[in-house]
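Please look through the sequence and the model before reading on.

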Amino acid sequence: MVNPIRTVEWKSKCHGSSVIRTLLVDEDPSDIRYYYGMLRAVGHKVAIAGSYSEGMSRLEKEGFDLVIVGQGSPAFEGRQVLAHALEINPDTPVLVVARTLDIDCYLEALEMGAVDYLERCAAPRDFMRAVDAHLQMKTVA
């Protein structure tokens with residue numbers, strides 16, 4: 001289980017009193033519920049996009065501290081959001097999440113500039129550890 005106290009304490013050290021704005025882009029409602037719940041539990045302000053086109057539109061209109069995008073199928077539909085997020089702000093950490101590990105998508109995501117590629121079945125604490133680590137790196141950079 002995620003330790004919300006540790007994560008929230010870290011948030012306040014790295015971001016002062018500001019809230020971490022996270023964009024969550026996924027076409028699978030169960031994945032959205034899964035990630036949304038974890039992120040909200042540790043204090044993130046989460047914007048949801050239920051399609052890749054909606055995610056790209058939100059990136060145009062709003063600034064985010066973190067973007068989490070679902071891979072989609074093995075055709076990697078999430079790549080368009082990954083590319084667009086990094087085009088708008090190369091310093092924004094983008095995590096790609098997948099229902100099952102696909103080595104080709106994994107390699108492509110990292111080559112494109114994703115900070116991480118995680119499998120959905122990862123334990124919630126592993127997911128939040130990755131989120132924390134990449135936000136800390138962003139703050140230090």
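## Terms and basis

Axes here are lines fitted to C-alpha atoms, for helices over the stretch in contact, and angles run from 0 to 180 degrees between N-to-C directions. Contact means heavy atoms within 4.5 Å, while helices (H or I, at least four residues) and strands (E, at least two) are DSSP runs numbered from the N terminus.

This is a predicted model, in which local features need pLDDT of at least 70 and side-chain atom pairs count only at pLDDT 80 or more, whereas totals for chains, interfaces and linings use all residues. Residues are numbered from 1 along each chain as its sequence is written, and side-chain values use heavy atoms, with hydrogens and water left out.

Five strands form an open sheet with parallel pairing, in the order 2-1-3-4-5, where two strands count as paired if DSSP finds at least two bridges between them. Strand 2 and strand 5 (116–119) are the edge strands, each pairing on one side only, and the twist from one strand to the next averages 20°.

Strand 1 (residues 21–25) pairs in the parallel sense with strand 2 (residues 45–49) over five bridges, and Leu 23 has Ala 47 in strand 2 as its bridge partner. Strand 1 is also joined by four bridges to strand 3 (residues 66–70), which runs parallel to it; here Thr 22 is partnered by Leu 66. Strand 4 and strand 5 pair in the parallel sense over four bridges, with Glu 119 in strand 5 as the bridge partner of Ala 98.

Helix 2 (residues 29–41) lies across strand 1, strand 2, strand 3 and strand 4, and runs at about 165° to strand 2. Helix 4 (residues 79–88) lies across strand 1, strand 3 and strand 4, running at about 170° to strand 4.

In helix 4 the residues Val 81, Leu 82, His 84, Ala 85 and Leu 86 are buried, and what covers the buried residues of this helix includes strand 1, helix 3, strand 3, strand 4 (94–98) and helix 5 (103–112).

## Met 56

Met 56 is placed in helix 3 (residues 52–61) and is partly exposed, with a relative accessible area of 23%. Leaving aside its neighbours within four places in sequence, Met 56 is in contact with Gln 80, Val 81 and His 84. Met 56 and Gln 80 are 24 residues apart in sequence, and their C-alpha atoms are 7.9 Å apart in space.

Technical notes. Buried means under 20% relative accessible area, exposed over 50%, partly exposed in between (1.4 Å probe, protein chains only). A crossover is right-handed if, with the strands pointing away from the viewer, the path from the first strand over the helix to the second runs clockwise.
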